[in-house]
Amino acid sequence: MKGWRTSDDPYRAERERMVEQQIITRGITHPRVIEAMRKVPRHLFVPEPYRVQAYADMPLPIGYGQTISQPFMVAAMTANLDPQETDRVLEIGTGSGYQTAILAELVQEVWTIEVIPELQERAREVLEELGYTNIRYRVGDGSKGWPEGAPYDKILVAAASPSIPPPLVEQLKVGGIMVLPVGDRWGQDLVKVTKVSETEAEHQVLFPCAFVPLKGAYGFPEEPF
Ligand code: SAM
């Protein structure tokens with residue numbers, strides 16, 4: 001991350017408190033994930049009216065009916081992917097770009113898809129301003145994946161899905177991991193999918209969660225696309 005000096009950062013102490021009280025105390029132990037959460041300036045991804053709450057223990061509005069995920073959720077999803085420096089990761093739902101930045105700190109390449117063009121444009125501006133060069137951007141329906149980058153080492157879906165989209169499992173490497181919220185519109189379980197062979201995947205339910213709905217071909221059919 002270039003163009004950003006943590007020494008001049010008025011939010012540095014708040015970010016440190018966030019990491020201690022919301023991330024480490026709740027059992028996230030992955031050292032590289034903790035380091036990335038300490039480093040990335042979350043407040044720059046939060047729209048101005050909510051910026052003073054950027055490090056609070058909650059999701060916040062980012063416009064267009066969408067949210068930036070709660071810090072703990074970002075840390076837990078990332079830690080469950082066990083990010084490696086050589087990984088290529090597909091992210092569905094760029095949103096504010098904050099989760100994208102955390103991933104970009106930890107892996108070789110992030111391929112991120114967002115369905116709302118204005119959100120991706122804003123996220124891209126912040127990410128480019130911060131100097132990230134290992135991110136590819138696409139506007140479209142991420143529920144169908146992004147076949148040109150497949151197979152992915154890891155996939156992160158940041159919107160609630162009614163079931164596990166088959167194209168995403170297909171686009172995961174054997175041995176790869178995907179995390180996604182699966183359930184109905186009002187409540188889901190965060191699920192970790194490990195692809196154990198070309199034809200088999202293991203599923204582990206991690207904990208309950210509540211995300212905005214996934215749109216598109218494998219999302220909720222009643223969601224306007
Ligand atoms: N992790 C993001 C962050 O840190 O700001 C928050 C993502 S927000 C909870 C979910 C995002 O998924 C929204 O921006 C929404 O527009 C997007 N989304 C929903 N359905 C989608 C689809 N089919 N393809 C791509 N993005 C989608």
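Tutor: Buried means under 20% relative accessible area, exposed over 50%, and partly exposed in between, with a 1.4 Å probe and protein chains only. The model is predicted, so local features need pLDDT of at least 70, side-chain atom pairs count only at pLDDT 80 or more, and totals for chains, interfaces and linings use all residues. Residues are numbered from 1 along each chain as its sequence is written, and side-chain values use heavy atoms, with hydrogens and water left out.

Student: Is Val 74 buried or exposed?

Tutor: Val 74 belongs to helix H3, residues 71–80; helices (H or I, at least four residues) and strands (E, at least two) are DSSP runs, numbered from the N terminus. Because its relative accessible area is 1%, Val 74 is buried.

Student: How far apart in space are Val 74 and Tyr 98, C-alpha to C-alpha?

Tutor: Leaving aside residues up to four places away in sequence, Val 74 touches Met 37, Ser 69, Tyr 98, Gln 99 and Ile 102, where contact means heavy atoms within 4.5 Å. Val 74 and Tyr 98 are 24 residues apart in sequence, and their C-alpha to C-alpha separation is 8.6 Å.

Student: Which side chain has an N or O atom 2.6 Å from an oxygen atom of the ligand?

Tutor: A polar contact is a pair of N or O atoms within 3.5 Å; within protein, one must be able to donate a hydrogen and the other to accept it, and residues adjacent in sequence count only if both atoms are side-chain atoms. Backbone N or O atoms contribute at Gln 99, 3.3 Å from a ligand oxygen, and at Gly 140, 3.4 Å from a ligand nitrogen. The side chain that lies 2.6 Å from a ligand oxygen is that of Glu 114.

Student: Which element gives the most to the shell around the ligand?

Tutor: Strand E2 (66–68), helix H4 (98–106) and strand E4 (109–114) each supply at least two residues of that shell. With three residues, the element that gives the most is E2.

Student: What is the relative accessibility of Tyr 64?

Tutor: Tyr 64 is in the loop between strand E1 (60–63) and E2. Its phi is positive, about 60°, although Tyr 64 is not a glycine. Most residues other than glycine have a negative phi. Tyr 64 counts as partly exposed because its relative accessibility is 45%.

Student: What is the omega of the peptide bond from Ala 150 to Pro 151?

Tutor: Pro 151 lies in the loop between strand E5 (135–139) and strand E6 (152–157). The bond from Ala 150 to Pro 151 is cis, with omega near 5°.
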